[in-house]
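The following report walks through one protein model, taking its helices, its sheet and its nonpolar cores in turn. Please keep the sequence and the structure in view while reading.

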Amino acid sequence: MDFSALTILCIGDIMLDRFIYGNVQRISPEAPVPVLHLNSQKEMLGGVGNVANNILSLNGKAVLVGLVGNDEYALKIKKIMRSKYIPEDSIISSPYRPTICKSRFIAANQQIIRADEESLIPLHSEEITLLIENIEKNIPSVQAVIISDYGKGVCHPEIIQFITQRAKHYSLPVFVDPKSRDFSLYRHATCITPNIAEASQAVQMSLKTDTDFEKAGQELLDITQGQAILITRSEKGMTLVEKNRNTQHIPSRAREVFDVSGAGDTVIATLALGVASGLCIRESMHIANAAAGVVIGKAGTSTATIAEVQNELKAQSSEETFPLVTPELISLNDLTLQVNKWKKQGLTIGFTNGCFDILHTGHISLLQSARTQCDRLIIALNSDTSIQRLKGPKRPINPLKERARLISAIRYVDAVVAFDDDTPLNLIQHIKPDILIKGADYIGKEVVGQDIVEQYNGKVILTELQKGFSTTNIIDKIKHL
């Protein structure tokens with residue numbers, strides 16, 4: 001699977017995605033809103049830019065055609081494009097609108113508010129002319145075209161019509177990620193990739209069963225007169241309705257769905273690369289399904305690499321694949337086999353440990369934060385005898401079997417193992433996690449296993465804890481009731 005010789009023309013609404021991180025420790029005295037103390041931020045290409053990110057991650061090349069304003073955000077977008085070797089000259093600086101920017105403010109790994117800066121005024125005639133000129137300039141040198149419609153203006157009917165006409169002239173496939181409910185705007189596109197909500201709105205019916213999806217896909221295919229409709233169904237897989245072929249429903253491999261944001265961009269990028277490389281839509285769909293399976297197992301807007309997609313395809317076809325839903329407690333031998341399998345798939349293994357006697361908000365915050373640092377998270381629980389040596393004869397409150405059952409039910413956790421020693425050092429030596437995670441209360445203290453992990457270039461991460469939450473505090477409150 002080699003996409004390195006392919007260039008995809010990506011047309012649509014380009015935007016700057018900003019992620020602004022901070023801490024919330026109090027409520028504003030001016031209004032009932034949290035006060036966010038800012039720590040850091042990162043910026044990346046959003047909208048059609050994220051489609052380009054996915055193409056680049058899969059070793060393809062991308063040309064972006066879109067609009068930005070004459071402002072600071074436009075300069076940042078162009079700087080990011082330069083760093084990714086995406087040509088800047090296809091981006092039009094318009095005096096008629098600002099650069100679209102979405103700013104997400106995040107505390108304790110939770111988005112607390114999003115601020116959008118944009119203008120939804122219709123395209124000016126000058127903008128349409130410049131967009132068409134840039135499309136005409138670039139389309140002879142690409143192998144496929146993607147129209148990424150975010151409903152912000154660039155995907156004007158005149159633009160879409162011009163693209164489909166010129167693509168037909170050069171015998172190029174056209175793929176559309178739709179926003180409009182009127183699919184007649186996308187007539188003659190090769191393949192359109194609505195999600196459940198978009199397909200449901202377009203046909204004005206609720207989609208629940210495979211029959212519903214097949215019926216909706218056929219209706220949309222009749223409207224668009226294209227070759228295929230691919231409806232993405234999140235963790236339930238995909239439905240492909242093709243002209244003069246039987247409908248195919250493919251499931252996603254059983255796995256934890258961590259975050260579906262950006263998965264649609266991954267699907268259309270992979271699909272376009274597959275078809276441009278000579279595969280049929282049906283074959284490309286299976287690759288796109290695997291790529292989507294990779295990104296929904298990651299936190300936030302993510303991309304998939306060729307290695308990750310190949311590993312996912314192998315896992316889907318292998319009868320010996322270990323289940324991602326592990327027993328409540330897994331033995332060390334079975335865990336070692338599971339970890340080796342994950343590592344062969346190119347997944348990052350995280351490890352943390354503790355008593356987790358009475359689960360509380362602080363525990364959940366720790367696990368959520370830990371899971372954002374890795375692809376698979378292993379929790380090592382102190383056995384009952386280990387806790388008694390550490391905490392005294394009256395602990396634990398909950399025996400190991402019950403603690404394991406509760407911790408394994410948390411969606412951030414991929415495997416649970418127990419240890420009888422005072423520390424998990426033996427486990428760390430066997431598993432060799434990529435990332436060792438502890439709470440920030442270990443700042444300035446020795447983390448057990450840190451020297452081992454750092455010997456093979458692993459990382460130790462201390463994650464922020466929510467203050468005021470502990471099993472001891474809960475027990476004290478109960479005593480004083």
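Which elements do the buried residues of H13 pack against?

## Basis of the report

This is a predicted model, in which local features need pLDDT of at least 70 and side-chain atom pairs count only at pLDDT 80 or more, while totals for chains, interfaces and linings use all residues. Residues are numbered from 1 along each chain as its sequence is written, and side-chain values use heavy atoms, with hydrogens and water left out.

## Helix H13

The buried residues of H13 pack against helix H11 (361-371), strand S15 (376-382), helix H12 (384-391) and strand S16 (415-419). Helices (H or I, at least four residues) and strands (E, at least two) are DSSP runs, numbered from the N terminus, and contact means heavy atoms within 4.5 Å.

In helix H13 (residues 400-408), the buried positions are Leu400, Arg403, Ala404 and Ile407, where buried means under 20% relative accessible area, exposed over 50% and partly exposed in between (1.4 Å probe, protein chains only). Seen down the axis of H13, these buried residues fall within an arc of 100 degrees, so they line one face of the helix; the arc is that of the directions from the helix axis to the C-beta atoms. Lys401 and Arg405 are exposed on the face of H13 turned away from its buried side.

## The open sheet

An open sheet of 9 strands, with mixed pairing, runs in the order S5-S4-S1-S8-S9-S10-S11-S12-S13, and two strands count as paired if DSSP finds at least two bridges between them. Strand S5 (91-93) and strand S13 (248-250) stand at the edges with a single partner strand each, so one side of each is left without a neighbour in the sheet.

Helix H2 (residues 72-83) packs on this sheet, touching strand S4 (61-68) and S5, and its direction makes about 175 degrees with that of S4; axes are lines fitted to C-alpha atoms, for helices over the stretch in contact, and angles run from 0 to 180 degrees between N-to-C directions. Within the sheet, strand S10 (residues 191-192) pairs with strand S11 (residues 228-232) in the parallel sense over 2 bridges, and cysteine 191 has alanine 228 as its bridge partner in S11.

The buried residues of H2 are Tyr73, Ala74, Ile77, Lys78, Ile80 and Met81. They cover an arc of only 160 degrees around the axis, which puts them on the same side of H2. The face of H2 turned away from its buried side carries Glu72, Leu75, Lys79 and Ser83, which are exposed.

Tyrosine 85, with a positive phi near 60 degrees, follows H2. Serine 90 lies in the loop between H2 and S5 and is buried, with a relative accessible area of 0%. Leaving aside neighbours within four places in sequence, serine 90 is in contact with Val63, Leu64, Val65, Gly66, Asn134 and Asn138.

## Nonpolar cores

A nonpolar core is a set of buried Ala, Val, Leu, Ile, Met, Phe, Trp, Tyr and Cys residues joined through side-chain atoms within 4.5 Å. In the largest nonpolar core, which has 54 residues, Ile8, Ile55, Leu64 and Phe175 touch the most other members. Not counting residues up to four places away in sequence, leucine 64 touches residues including Met81, Ile86, Ser90 and Ile91. Another core, of 40 residues, lies apart from the largest one and has Leu9, Val145, Leu172 and Val203 among its members.
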